[in-house]
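I set down each point as I looked it up.

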Amino acid sequence: MSLTEQILSQVPGDALGGLRKVDRLWENLKQNTAPAPQAVTHSPQPLETLDFDIVIGGGTLGILIGTALAVRGWRVALLERGTLRGRDQEWNISRKELDAFLELNLLSVEEIEKAIATEYNPARISFANTPDIWISGVLNIGIDPVYLLETLKQRFLQAGGKLFENTPFKIATLHPDGVLVESENTDSQPAKNLFKTRLLLDAMGHFSPIVHQARQGKKPDAVCLVVGSCAQGYPKNDTGDIFASFTPMQNQCQYFWEAFPARDGRTTYLFTYIDADTERFSLETLFEEYLRLLPQYQNVELEQLKFQRALYGFFPCYRQSPLKTPWDRLLPVGDSSGSQSPLSFGGFGAMVRHLKRLTLGIDEALTSDSLSKNALALLQPYQPNLSVTWLFQRSMSAAIDQKIDPNQINQLLAAVFQVMEELGEPILKPFLQDIVLFPALSQTLFKTAISHPGLVMKIIPQVGIANLLDWMVHYLNLGIYTGLHPLGKAVEPQVKNLAPEQKYYFHRLVEAWQYGAGGDY
């Protein structure tokens, strides 16, 4: 019996079965054998009558945008495959990011405080043979998803939203005047449900059938594999790790770690960035590595730990992101859109970051009837501050047959973080919150090149000339967007008298500059 089998047999529920189920999905992705579904079709006949303004497929994160739109008076239906309930594992975020819930009138100050399950400071960045870096106020808030989603669900219903649980999305038929959404039949919903709406939001995540069809079976350009657990029995530790690495490359990848205090123990993650080559190892293999290295990472014996939960998953990333769908009246949001950076896992934090922008944008799109594919594409714009991170992700990984120094990735990262610490918190902190700013990036690159020219030169053959040239384009665009952002803010008061559709297009342009430059920070 393997270590993974021994440990997961102690965890409540069928944790081992769940891990192997996700592994089968990972294997299918590597082999790229799953046929693209026909989740979206067309009909030339008008629907004539519409029941909703917005139908959202996917409730876990769809409830965030759904509640925000229902509060603004739109008729919203939310379809959830199972029961809409948050998981037991906390979602980590920074306190300032929670202001979006107040600004959109979704939660009160008291409800936000009640949703906070844990709060800690400081957090660590750690590499072998290098002094640790400590920072406060980054990913130091643990939100209770069970309380948060239940509170938002009640707010959604009070605002007139319609929630359909145990109602999996099946197919969407696009008509000239709306979308007919059909759900699958289930034991609890034996009859077929039909929803007629002006706009369909896809919040079903990375593995949405709509996304699969839109991507036409393309394999992801990169994948983040992650495994972990929440356990009791660790030595007392009120700090967290945002980013830690203490081993050289193994199994042709670099291992990275995170750790957070949790309400019922301590959460630790092992993750790595790889491609989707068929020879890549399984999640079960990575979990075995996690258990092998966890005692060294947390200075604890496995026998001392009582495991509460096991965590595992994989997150595909595509260079062609955010996703531009070929359909009118359909908008992917959250992980479906691919609007997270290839360094982050997306999910809750990425959704909250864009929540206000999406809410106001969708509100304007419906008001001005700007629901064509080209108009809706402006709600998921190109963001150079996210696109530049592709090179960073590439520098933290190696191809399956690539030969590089086993310590090269850690040495480079340790040097870069050391430079950012020397430049100060205004440089380091945004980067740790997945926001790349042009002045901060430029200073970091310049100082790293001067201080560590040998390490920088090693990166060029690792990432490849083509990737480096592609990155230069995004870097230059980041500088251009940084210059345009204040211009857009200066001109904004002059557009009050424009027609609603003109306002919609102008506001999307200004937002693209703002978010593309990291100006939302």
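Which residues in α2 meet which residues in α8? I worked from a predicted model. On the α2 side I noted Leu16, Leu19, Arg20, Val22, Asp23 and Trp26, and on the α8 side Leu283, Glu284 and Phe287. Sorted by class, this contact of α2 with α8 holds six nonpolar, no polar and three charged residues.

I then looked up the geometry of this pair. Helix α2 spans residues 15–31 and helix α8 spans residues 283–298; their axes cross at roughly 130° and come within 8 Å. I therefore recorded α2 as oblique to α8.

Next entry: α3 and α10. Helix α3 (residues 62–71) packs on helix α10 (residues 355–368) at an angle of about 45°, and the axes are 10 Å apart. These two helices are therefore oblique to each other. From α3, Leu64, Ile65, Ala68 and Leu69 meet Leu355, Leu358, Thr359, Ile362 and Asp363 of α10. I listed seven nonpolar, one polar and one charged residues in the contact of α3 with α10.

Last entry: the cysteines. How many disulfides does a search of the whole structure find? I found zero. Cys253 is in no disulfide, and the nearest cysteine sulfur, in Cys224, lies 11 Å away. Cys253 has a relative accessible area of 0%, so I noted this residue as buried. For Cys317, the closest cysteine sulfur is also that of Cys224, at 7.1 Å, which is too far for a bond. Cys317 is buried, because its relative accessible area is 5%.

Terms used. Residues numbered from 1 in each chain as written. Predicted model: local features only at pLDDT ≥ 70, side-chain atom pairs only at ≥ 80, totals over all residues. Heavy atoms only, no water. Axes fitted to C-alpha atoms, helices over the stretch in contact; angles between N-to-C directions. Helix = DSSP H or I, 4+ residues; strand = E, 2+ residues; numbered from the N terminus. Parallel < 35°, antiparallel > 145°, perpendicular 65-115°, else oblique. Contact = heavy atoms within 4.5 Å. Nonpolar A, V, L, I, M, F, W, Y, C, P; charged D, E, K, R; others polar. Disulfide = S-S within 2.5 Å. Buried < 20%, exposed > 50% of the residue type's maximum accessible area, 1.4 Å probe, protein only.
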